Amino acid sequence: MNDKLLNTIAARDVKVGGLIGRRIELTWQNNLLAINWERDFLAPFLAKNSDAGAYIGLGKSLDGLVRLAAHTGDGRLLARRQQVLDTLLPAQEADGYLGIYRPADRAIPTWDAHEQAYVLMALVVDWQLFRQERSLASAQRLGRWLVSRIPSTALHLVGKRTWQGQVSFLSRQLVLTGLDRALLALYRATGEPSLLDYCVETLRVAEWDQPIVEGRFGPIEGHVYCFLSHCLAQLDLFEITGDRRLLAQTRRALEYLRDGRALVISGTNGITECWHSDQTGTGDIGETCSVAYLIRLLSHQLQIEGDGWYGDWMERSIYNALFAAQSPDGRRLSYYVPLEGERHYWDRDTYCCPGNFRRIIGELPEMIAYRQADGVMVNLYTESDITTALANGTPLVLRQHTDYPHSGQVRLDVEPARPARFAVRLRRPAWCTEFVVAVNGETVSPIGGPHFLAISSEWRPGDRVTLAMPMPWRLVRGFRKQVGKVAAMRGPQLFCRATPSDSATEFRADDIAANLSLMEFPDPGGRATYFACADSPLMTDDELFPQGIGLSQGLRRSDSEGEDHRH
Ligand SMILES: [Zn+2]
């Protein structure tokens, strides 16, 4: 196995408060405990009579349930996890099938492999977190079914019965999204070589080198979520083989978003689920699945490369695009969140986006801080309490006291069980022009790169680090379709207005706090992110983008429009 520079700290050992903690709590209290698992999720797995084309997304939601049960230790969540498994596992057929389709429709058409791949992944996660052998045994039987029933790569397109009753086609990459990662996770849990062989030789995980394709047409090749998921499968394989060529597709996607300036200001991408780079802000922008996968990919990339710049991007996407997908009470979730125009919540608890939202929320506790060979790295600033150990085994508690992102004042208590020499690395956010660090009240000059500062010291129980990161308003210049307008940001957060931008008059920047009636972007009342503004010293370019770089190479553009497949 190939070690990463940064390693995760189990969510069970992390307590999260602040805005991130609140979003996590809303997700499990008002969503995971409120949804009807029996009727909406489990019944189709018991009946097994769904038509080709049906999709539930049980595995994604179960993954979130299992993770949050382990993270919180809450009795109701633990009981719900147990109930779901007690119903689901007996529904597995003798040959290992654990899906919703009638026999004639299995394996090839549409979402059968996708649905079951995520069930498999959730069962492996359950085994990792709770060590219940029945989950792993069920995952192994399901893995054998998938490996024996998914046809070889010769089949490029698979049929789909659309909602209108017509048959169209979807790319194989799209309908098999998640299968590679699930089988690699099962391989890592069991060491069963045939699983790795299948991923390498049949799914050809290492050889996948699809270009970025913009627009939605035909079998949907430029699907953001699908693309990022296959990137993650390559990073999973990289952890097994150490072959750095497996990092190339991830670099291609992130360069397209950054150097190609395709990322939209809320930290997402995609229109009707497919890549776009013209900065369109209306309509079906930023599928929640793709936001979840982008955050996950950035976290993996941060762990592999150790560059805090990925953390800057993570907080942009988490505080804005991801949190905007959740209603203020946590009950409803969005499929898309446009920058301009009316916001809508998804009318169901099932399907891809709600499930992928629940999953990534279950992973957020592991993105606050990471372990390193020589210490720890703090990535996300939020009220939190983390229990871990140094490489030499010395127990360490890291406690953040802060109201971030409302202010940039953070107190970090560093509590090794006994005095120990190690490094505490702190992400310096790209939006932050002044970063003042003190240890036990004395200002220090940490060393490090532009995105990271490290304090190497002998740390003792009771040591306190304080950070001051002033958060002035900034007016971020739009470009392409948003040229001539600005968006208001403060720290990692994007703000917006309740009135459409076409009714906007020009604003003086010094009026910003008093007169703009700004709300946080995740507020469902938001209708306008970009607005016209008189020239102002607060105007700046988006700090996430390097200057003066045009569209990335290798971009293929589609001029034909496709059908309306969601997924
Ligand atoms: Zn989705």
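Student: What spacing do the donors of the zinc ion follow along the chain?

Tutor: The zinc donors follow the spacing E-x1-C-x62-C-C. This is a predicted model, in which local features need pLDDT of at least 70 and side-chain atom pairs count only at pLDDT 80 or more, while totals for chains, interfaces and linings use all residues. Residues are numbered from 1 along each chain as its sequence is written, and side-chain values use heavy atoms, with hydrogens and water left out.

Student: What makes Glu 287, Cys 289, Cys 352 and Cys 353 donors of the zinc ion?

Tutor: Donors are N, O and S atoms within 2.8 Å of the metal (3.2 Å for Na, K and Ca); water is not among the atoms, so sites may look incomplete. Glu 287 (OE), Cys 289 (SG), Cys 352 (SG) and Cys 353 (SG) lie 2.0 to 2.3 Å from the zinc ion and are therefore its protein donors.

Student: Why is the arrangement around the zinc ion called tetrahedral?

Tutor: Four donors count as tetrahedral if all angles lie between 85 and 135 degrees. The four donor atoms here subtend angles of 105 to 118°, so the arrangement is tetrahedral. Ideal angles for four tetrahedral donors are 109.5 degrees.

Student: Why is Cys 289 called buried?

Tutor: Buried means under 20% relative accessible area, exposed over 50%, and partly exposed in between (1.4 Å probe, protein chains only). Cys 289 has 0% relative accessibility, so it counts as buried. Cys 353, at 1%, is therefore buried, and Cys 432 is buried because its value is 4%.

Student: How many disulfides are counted?

Tutor: A disulfide is a pair of cysteine sulfur atoms within 2.5 Å. By this rule the count is zero.

Student: Why are the buried residues of helix 9 said to line one face of the helix?

Tutor: Helices (H or I, at least four residues) and strands (E, at least two) are DSSP runs, numbered from the N terminus. In helix 9 (residues 193-202) the buried residues are Leu 195, Leu 196, Tyr 198 and Cys 199. Seen down the axis of helix 9, these residues fall within an arc of 155°, so they line one face; the arc is that of the directions from the helix axis to the C-beta atoms.

Student: What makes strand 9 and strand 10 a pair?

Tutor: Two strands pair if DSSP finds at least two bridges between them. Seven bridges join strand 9 (residues 395-402) to strand 10 (residues 409-416), so these antiparallel strands pair.

Technical notes: Tetrahedral: all angles 85-135°; square planar, octahedral: opposite > 155°, others 65-115°.
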